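Visitor: I have a model open and want to go through a few local details. Can we start with how some of the helices pack?

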Amino acid sequence: MSEIAERTQAADDAPLLEVKNLKKYFVVGKSFFGKPNAFLKAVDGISFRLEKGKTLGIVGESGCGKSTMGRTILRLYDQTDGEVYFHGRKISDLSNRAFDKLRPNMQMIFQDPYASLSPRLTVGEIIGESALQHKLITKSEYRDYVLGVMKTCGLQPHYFERYPHEFSGGQRQRICIARALALKPELVVCDEPVSALDVSIQAQIINMLKELRASLGLTYIFISHDLSVVKHISDDVGVMYLGSMVEYGSKERVFDHTLHPYTRALFSAVPVPNPHVKMNRILLKGDIPSPVNPPKGCKFHTRCENCMEVCEHVPPVYKEVESGHFCACHLYNTAEENAAFAEQIALERAALASAEKNGHVAQA
(Lines give C-alpha, C1' and ligand atoms only; values in the text may rest on other atoms or scores of the structure.)
Protein backbone atom coordinates (compact mmCIF):
# COMPACT_ATOMS: atom_id res chain seq x y z
CA MET A 1 0.00 0.00 0.00
CA SER A 2 1.37 3.42 -0.96
CA GLU A 3 2.01 6.15 1.61
CA ILE A 4 -0.88 8.25 0.25
CA ALA A 5 -3.25 5.27 0.46
CA GLU A 6 -2.14 4.58 4.05
CA ARG A 7 -2.83 8.18 5.03
CA THR A 8 -6.26 8.04 3.40
CA GLN A 9 -7.08 4.79 5.23
CA ALA A 10 -5.91 6.29 8.54
CA ALA A 11 -8.12 9.35 7.97
CA ASP A 12 -11.12 7.12 7.21
CA ASP A 13 -10.58 5.11 10.42
CA ALA A 14 -10.04 8.20 12.59
CA PRO A 15 -12.89 9.88 14.50
CA LEU A 16 -14.28 13.11 13.08
CA LEU A 17 -12.77 15.10 15.96
CA GLU A 18 -10.08 14.17 18.45
CA VAL A 19 -8.85 16.52 21.17
CA LYS A 20 -5.68 15.74 23.14
CA ASN A 21 -4.66 17.62 26.29
CA LEU A 22 -6.15 20.92 25.07
CA LYS A 23 -5.25 23.96 27.17
CA LYS A 24 -6.22 27.61 27.00
CA TYR A 25 -4.71 30.02 29.53
CA PHE A 26 -5.45 33.75 29.66
CA VAL A 27 -2.83 36.13 31.03
CA VAL A 28 -4.27 38.05 34.00
CA GLY A 29 -1.09 39.43 35.55
CA LYS A 30 2.34 40.65 34.50
CA SER A 31 5.58 41.44 36.29
CA PHE A 32 7.20 44.87 36.41
CA PHE A 33 9.07 43.98 33.23
CA GLY A 34 5.92 42.88 31.39
CA LYS A 35 6.46 39.13 31.72
CA PRO A 36 3.25 37.12 32.36
CA ASN A 37 3.19 35.75 35.89
CA ALA A 38 -0.48 34.93 36.49
CA PHE A 39 -2.80 32.86 34.29
CA LEU A 40 -6.49 32.04 34.26
CA LYS A 41 -6.61 28.34 33.37
CA ALA A 42 -9.92 28.33 31.48
CA VAL A 43 -9.27 24.99 29.74
CA ASP A 44 -6.71 22.77 31.45
CA GLY A 45 -5.95 19.50 29.69
CA ILE A 46 -9.15 18.34 27.94
CA SER A 47 -9.12 15.10 25.91
CA PHE A 48 -11.94 13.29 24.05
CA ARG A 49 -12.92 11.65 20.74
CA LEU A 50 -16.10 12.38 18.78
CA GLU A 51 -17.36 10.05 16.05
CA LYS A 52 -19.08 11.34 12.93
CA GLY A 53 -22.86 11.74 13.26
CA LYS A 54 -22.77 11.71 17.09
CA THR A 55 -23.60 14.41 19.63
CA LEU A 56 -21.32 15.14 22.58
CA GLY A 57 -23.05 16.96 25.45
CA ILE A 58 -20.82 19.13 27.66
CA VAL A 59 -22.14 20.09 31.11
CA GLY A 60 -20.76 21.88 34.16
CA GLU A 61 -21.16 24.96 36.33
CA SER A 62 -20.91 28.47 34.91
CA GLY A 63 -17.29 29.47 34.47
CA CYS A 64 -15.95 25.91 34.15
CA GLY A 65 -14.61 26.53 30.62
CA LYS A 66 -17.26 24.91 28.39
CA SER A 67 -17.66 27.79 25.94
CA THR A 68 -13.93 28.54 25.92
CA MET A 69 -13.24 24.90 25.03
CA GLY A 70 -15.62 25.10 22.05
CA ARG A 71 -14.13 28.36 20.82
CA THR A 72 -10.58 27.05 21.20
CA ILE A 73 -11.37 23.89 19.20
CA LEU A 74 -12.64 26.12 16.36
CA ARG A 75 -9.60 28.41 16.76
CA LEU A 76 -11.64 31.45 17.68
CA TYR A 77 -9.13 31.50 20.54
CA ASP A 78 -5.47 30.56 20.08
CA GLN A 79 -4.70 27.46 22.12
CA THR A 80 -1.99 27.45 24.77
CA ASP A 81 -1.13 23.77 24.36
CA GLY A 82 -2.54 20.48 23.12
CA GLU A 83 -3.59 18.97 19.80
CA VAL A 84 -6.81 18.98 17.78
CA TYR A 85 -7.39 16.50 14.94
CA PHE A 86 -10.18 16.76 12.37
CA HIS A 87 -10.64 13.68 10.15
CA GLY A 88 -7.25 12.52 11.43
CA ARG A 89 -5.54 15.72 10.27
CA LYS A 90 -3.82 17.84 12.90
CA ILE A 91 -5.43 21.26 12.55
CA SER A 92 -4.13 22.90 15.72
CA ASP A 93 -0.81 23.75 14.04
CA LEU A 94 -2.15 24.87 10.65
CA SER A 95 -1.51 28.41 9.47
CA ASN A 96 -4.50 30.74 9.40
CA ARG A 97 -4.54 30.63 5.60
CA ALA A 98 -4.60 26.82 5.56
CA PHE A 99 -7.24 26.65 8.29
CA ASP A 100 -9.51 29.06 6.41
CA LYS A 101 -10.07 26.30 3.85
CA LEU A 102 -11.34 24.02 6.63
CA ARG A 103 -13.38 26.61 8.49
CA PRO A 104 -16.64 25.99 6.54
CA ASN A 105 -16.60 22.41 7.89
CA MET A 106 -16.55 23.60 11.54
CA GLN A 107 -19.20 26.11 12.59
CA MET A 108 -20.62 27.49 15.83
CA ILE A 109 -24.07 28.49 17.08
CA PHE A 110 -23.52 31.18 19.70
CA GLN A 111 -25.32 31.44 23.01
CA ASP A 112 -26.94 34.87 22.66
CA PRO A 113 -29.15 35.22 19.55
CA TYR A 114 -29.47 38.95 20.23
CA ALA A 115 -25.76 39.81 20.33
CA SER A 116 -24.49 37.40 17.65
CA LEU A 117 -26.46 38.87 14.72
CA SER A 118 -25.42 42.09 13.01
CA PRO A 119 -28.26 44.67 13.22
CA ARG A 120 -27.09 46.25 9.96
CA LEU A 121 -27.57 43.16 7.77
CA THR A 122 -30.78 41.58 6.54
CA VAL A 123 -31.52 37.93 7.24
CA GLY A 124 -30.58 37.01 3.67
CA GLU A 125 -27.22 38.76 4.00
CA ILE A 126 -26.50 37.21 7.39
CA ILE A 127 -27.12 33.69 6.08
CA GLY A 128 -25.60 34.02 2.62
CA GLU A 129 -22.60 36.27 3.24
CA SER A 130 -20.27 33.48 4.41
CA ALA A 131 -21.31 31.14 1.58
CA LEU A 132 -20.34 33.82 -0.95
CA GLN A 133 -17.11 34.56 0.91
CA HIS A 134 -16.02 30.91 0.76
CA LYS A 135 -17.18 30.60 -2.88
CA LEU A 136 -19.68 27.82 -2.15
CA ILE A 137 -22.20 29.58 -4.38
CA THR A 138 -22.19 32.21 -7.12
CA LYS A 139 -24.10 35.49 -7.03
CA SER A 140 -26.68 34.09 -9.44
CA GLU A 141 -27.38 31.18 -7.03
CA TYR A 142 -27.36 33.37 -3.94
CA ARG A 143 -31.06 34.06 -3.38
CA ASP A 144 -32.35 30.57 -4.19
CA TYR A 145 -29.63 28.96 -2.03
CA VAL A 146 -30.36 31.20 0.98
CA LEU A 147 -34.11 30.62 0.68
CA GLY A 148 -33.45 26.87 0.64
CA VAL A 149 -31.40 27.08 3.85
CA MET A 150 -34.09 29.25 5.45
CA LYS A 151 -36.77 26.70 4.57
CA THR A 152 -34.66 23.92 6.12
CA CYS A 153 -34.52 25.88 9.40
CA GLY A 154 -38.22 26.77 9.46
CA LEU A 155 -37.87 30.40 8.33
CA GLN A 156 -40.45 31.98 6.01
CA PRO A 157 -39.30 33.33 2.60
CA HIS A 158 -40.52 36.86 3.36
CA TYR A 159 -37.97 37.06 6.23
CA PHE A 160 -35.23 37.44 3.58
CA GLU A 161 -35.33 41.26 3.52
CA ARG A 162 -36.06 41.81 7.20
CA TYR A 163 -33.63 42.74 9.99
CA PRO A 164 -32.83 40.85 13.24
CA HIS A 165 -34.58 43.38 15.52
CA GLU A 166 -37.90 42.41 13.92
CA PHE A 167 -37.76 38.84 15.26
CA SER A 168 -38.35 37.02 18.53
CA GLY A 169 -35.64 35.10 20.36
CA GLY A 170 -36.65 31.74 18.88
CA GLN A 171 -36.69 33.12 15.35
CA ARG A 172 -33.29 34.75 15.87
CA GLN A 173 -31.85 31.46 17.03
CA ARG A 174 -33.19 29.81 13.87
CA ILE A 175 -31.38 32.51 11.88
CA CYS A 176 -28.15 31.70 13.79
CA ILE A 177 -28.60 28.01 13.00
CA ALA A 178 -29.28 28.79 9.33
CA ARG A 179 -26.13 30.93 9.18
CA ALA A 180 -24.06 28.03 10.51
CA LEU A 181 -25.65 25.46 8.17
CA ALA A 182 -25.24 27.68 5.08
CA LEU A 183 -21.60 26.55 4.88
CA LYS A 184 -22.56 22.84 4.87
CA PRO A 185 -20.46 22.01 7.96
CA GLU A 186 -19.71 18.55 9.32
CA LEU A 187 -19.13 19.72 12.91
CA VAL A 188 -21.32 22.27 14.71
CA VAL A 189 -20.50 23.57 18.20
CA CYS A 190 -23.80 24.54 19.85
CA ASP A 191 -22.96 26.91 22.71
CA GLU A 192 -26.09 26.84 24.91
CA PRO A 193 -28.33 27.47 21.89
CA VAL A 194 -31.59 27.31 23.84
CA SER A 195 -30.66 28.87 27.20
CA ALA A 196 -32.16 32.27 26.27
CA LEU A 197 -35.45 30.80 25.02
CA ASP A 198 -38.67 29.81 26.76
CA VAL A 199 -39.49 26.13 27.23
CA SER A 200 -41.85 25.71 24.27
CA ILE A 201 -39.39 27.33 21.86
CA GLN A 202 -36.55 25.25 23.36
CA ALA A 203 -38.39 22.08 22.41
CA GLN A 204 -38.85 23.30 18.83
CA ILE A 205 -35.17 24.19 18.43
CA ILE A 206 -33.95 20.93 20.01
CA ASN A 207 -36.21 18.83 17.80
CA MET A 208 -35.09 20.79 14.75
CA LEU A 209 -31.43 20.19 15.63
CA LYS A 210 -32.10 16.45 15.95
CA GLU A 211 -33.88 16.36 12.58
CA LEU A 212 -31.06 18.30 10.89
CA ARG A 213 -28.48 15.93 12.37
CA ALA A 214 -30.33 12.96 10.89
CA SER A 215 -30.99 14.53 7.48
CA LEU A 216 -27.64 16.30 6.96
CA GLY A 217 -25.33 13.92 8.83
CA LEU A 218 -24.17 16.61 11.26
CA THR A 219 -21.98 16.10 14.32
CA TYR A 220 -22.63 18.27 17.39
CA ILE A 221 -20.78 19.44 20.46
CA PHE A 222 -23.76 20.54 22.55
CA ILE A 223 -22.87 22.80 25.49
CA SER A 224 -25.65 23.29 28.03
CA HIS A 225 -26.60 23.74 31.69
CA ASP A 226 -29.87 21.89 31.21
CA LEU A 227 -29.18 18.23 31.98
CA SER A 228 -32.57 17.08 30.70
CA VAL A 229 -31.82 18.65 27.30
CA VAL A 230 -28.35 17.08 27.24
CA LYS A 231 -29.81 13.66 28.07
CA HIS A 232 -32.40 14.06 25.29
CA ILE A 233 -30.05 15.07 22.47
CA SER A 234 -26.63 13.59 23.33
CA ASP A 235 -24.94 10.26 22.58
CA ASP A 236 -21.91 10.92 24.80
CA VAL A 237 -21.58 13.24 27.80
CA GLY A 238 -18.57 15.08 29.21
CA VAL A 239 -18.63 16.76 32.63
CA MET A 240 -16.27 19.70 33.21
CA TYR A 241 -15.11 21.27 36.46
CA LEU A 242 -12.75 24.23 36.70
CA GLY A 243 -11.30 23.74 33.21
CA SER A 244 -10.85 19.97 33.42
CA MET A 245 -12.89 16.99 32.22
CA VAL A 246 -13.78 14.99 35.34
CA GLU A 247 -16.04 12.38 33.70
CA TYR A 248 -16.73 11.26 30.15
CA GLY A 249 -18.65 8.40 28.59
CA SER A 250 -21.81 7.33 26.83
CA LYS A 251 -25.04 8.98 27.94
CA GLU A 252 -26.29 5.74 29.47
CA ARG A 253 -23.12 5.12 31.49
CA VAL A 254 -22.76 8.69 32.77
CA PHE A 255 -26.43 9.08 33.78
CA ASP A 256 -27.09 5.54 35.03
CA HIS A 257 -23.70 4.70 36.56
CA THR A 258 -22.23 8.01 37.66
CA LEU A 259 -18.64 7.77 38.92
CA HIS A 260 -17.40 11.22 39.95
CA PRO A 261 -18.73 12.87 43.15
CA TYR A 262 -19.14 16.19 41.30
CA THR A 263 -21.26 14.56 38.59
CA ARG A 264 -23.46 12.96 41.28
CA ALA A 265 -23.96 16.35 42.93
CA LEU A 266 -24.74 17.94 39.57
CA PHE A 267 -27.33 15.30 38.68
CA SER A 268 -28.93 15.45 42.13
CA ALA A 269 -29.97 19.05 41.39
CA VAL A 270 -32.23 17.97 38.51
CA PRO A 271 -35.87 18.34 39.65
CA VAL A 272 -38.13 15.29 39.39
CA PRO A 273 -41.65 16.07 38.05
CA ASN A 274 -43.34 14.05 40.78
CA PRO A 275 -44.42 15.67 44.07
CA HIS A 276 -44.38 12.29 45.85
CA VAL A 277 -40.70 11.62 45.09
CA LYS A 278 -38.30 12.91 47.73
CA MET A 279 -35.19 14.58 46.30
CA ASN A 280 -31.85 13.40 47.66
CA ARG A 281 -30.06 16.62 46.87
CA ILE A 282 -26.27 16.67 47.38
CA LEU A 283 -25.31 20.16 48.54
CA LEU A 284 -21.75 21.15 47.71
CA LYS A 285 -19.96 23.10 50.41
CA GLY A 286 -18.23 26.36 49.62
CA ASP A 287 -17.90 28.17 46.31
CA ILE A 288 -16.17 27.12 43.12
CA PRO A 289 -12.45 28.02 43.47
CA SER A 290 -10.75 30.59 41.27
CA PRO A 291 -9.30 29.23 38.01
CA VAL A 292 -6.44 31.70 38.51
CA ASN A 293 -5.41 29.93 41.72
CA PRO A 294 -6.94 26.43 41.70
CA PRO A 295 -6.49 24.15 44.75
CA LYS A 296 -3.50 21.85 44.93
CA GLY A 297 -4.18 18.20 44.16
CA CYS A 298 -7.72 17.48 43.00
CA LYS A 299 -9.46 20.73 42.06
CA PHE A 300 -12.71 19.44 43.56
CA HIS A 301 -11.36 18.34 46.94
CA THR A 302 -12.36 21.58 48.73
CA ARG A 303 -16.05 20.78 48.08
CA CYS A 304 -16.04 16.97 47.96
CA GLU A 305 -17.70 14.85 50.67
CA ASN A 306 -15.43 11.92 49.73
CA CYS A 307 -12.18 13.91 50.12
CA MET A 308 -9.16 11.85 51.22
CA GLU A 309 -5.63 12.87 52.14
CA VAL A 310 -4.30 12.02 48.68
CA CYS A 311 -6.89 14.37 47.11
CA GLU A 312 -5.29 17.34 48.85
CA HIS A 313 -1.81 16.64 47.48
CA VAL A 314 -1.94 14.78 44.14
CA PRO A 315 -4.05 15.56 41.04
CA PRO A 316 -6.09 12.47 40.04
CA VAL A 317 -5.33 10.65 36.79
CA TYR A 318 -7.95 10.93 34.04
CA LYS A 319 -8.34 7.30 33.01
CA GLU A 320 -10.73 4.68 31.67
CA VAL A 321 -12.43 3.18 34.74
CA GLU A 322 -14.89 1.08 32.70
CA SER A 323 -15.01 0.33 29.00
CA GLY A 324 -15.58 3.70 27.34
CA HIS A 325 -16.20 5.43 30.70
CA PHE A 326 -13.48 7.85 31.84
CA CYS A 327 -13.11 9.56 35.21
CA ALA A 328 -10.56 11.64 37.12
CA CYS A 329 -11.00 10.65 40.78
CA HIS A 330 -8.85 9.01 43.47
CA LEU A 331 -11.77 6.78 44.47
CA TYR A 332 -10.85 4.55 41.52
CA ASN A 333 -7.09 4.30 42.11
CA THR A 334 -5.45 0.89 41.86
CA ALA A 335 -3.38 -0.45 44.76
CA GLU A 336 -0.19 0.36 42.82
CA GLU A 337 -1.34 3.95 42.25
CA ASN A 338 -2.19 4.41 45.93
CA ALA A 339 1.25 3.13 46.93
CA ALA A 340 2.98 5.48 44.48
CA PHE A 341 0.92 8.46 45.63
CA ALA A 342 1.60 7.66 49.31
CA GLU A 343 5.33 7.61 48.57
CA GLN A 344 5.03 10.93 46.72
CA ILE A 345 3.22 12.54 49.66
CA ALA A 346 5.83 11.21 52.11
CA LEU A 347 8.64 12.70 50.01
CA GLU A 348 6.86 16.06 49.86
CA ARG A 349 6.42 16.08 53.63
CA ALA A 350 10.05 15.19 54.19
CA ALA A 351 11.15 17.98 51.84
CA LEU A 352 8.86 20.46 53.61
CA ALA A 353 10.09 19.41 57.07
CA SER A 354 13.70 19.75 55.92
CA ALA A 355 13.03 23.20 54.51
CA GLU A 356 11.35 24.33 57.74
CA LYS A 357 14.23 22.93 59.81
CA ASN A 358 16.83 24.71 57.67
CA GLY A 359 14.79 27.91 57.98
CA HIS A 360 14.80 27.71 61.78
CA VAL A 361 18.55 27.02 61.80
CA ALA A 362 19.20 30.03 59.56
CA GLN A 363 17.11 32.27 61.85
CA ALA A 364 18.99 31.02 64.92
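Predicted model: local features only at pLDDT ≥ 70, side-chain atom pairs only at ≥ 80, totals over all residues.

Guide: In it, α4 crosses α5 in a right-handed sense.

Visitor: Which residues of α4 and α5 make the contact?

Guide: On the α4 side they are Val123, Gly124, Glu125, Ile127, Gly128, Glu129, Ala131 and Leu132. From α5 come Tyr142, Tyr145, Val146, Val149 and Met150.

Visitor: How many of those are nonpolar, polar and charged?

Guide: The contact of α4 with α5 has nine nonpolar residues, two polar and two charged.

Visitor: And what is the angle between α4 and α5?

Guide: About 110 degrees, with the axes 10 Å apart; α4 covers residues 123-133 and α5 covers residues 142-152. Angles of 65 to 115 degrees count as roughly perpendicular, so α4 and α5 are roughly perpendicular to each other.

Visitor: New topic. Is Thr263 buried or exposed?

Guide: Thr263 counts as buried because its relative accessibility is 0%, and the cut-off for buried is under 20%. Thr263 is part of helix α10.

Visitor: What does Thr263 touch?

Guide: Leaving out residues up to four places away in sequence, Thr263 touches Val239, Val246, Glu247, Val254 and Thr258.

Visitor: Where does Thr302 lie?

Guide: Thr302 is in the loop between α10 (261-268) and β11 (318-322). Thr302 has 37% relative accessibility, so it counts as partly exposed.

Visitor: Which residues does Thr302 touch?

Guide: With residues up to four places away in sequence not counted, Thr302 touches Lys285, Pro289 and Pro295. The C-alpha atoms of Thr302 and Leu284 are separated by 9.5 Å, and these two residues are 18 residues apart along the chain.

Key
Residues numbered from 1 in each chain as written. Heavy atoms only, no water. Helix = DSSP H or I, 4+ residues; strand = E, 2+ residues; numbered from the N terminus. Buried < 20%, exposed > 50% of the residue type's maximum accessible area, 1.4 Å probe, protein only. Contact = heavy atoms within 4.5 Å. Axes fitted to C-alpha atoms, helices over the stretch in contact; angles between N-to-C directions. Parallel < 35°, antiparallel > 145°, perpendicular 65-115°, else oblique. Left-handed = near helix turned anticlockwise from the far one by under 90°. Nonpolar A, V, L, I, M, F, W, Y, C, P; charged D, E, K, R; others polar.
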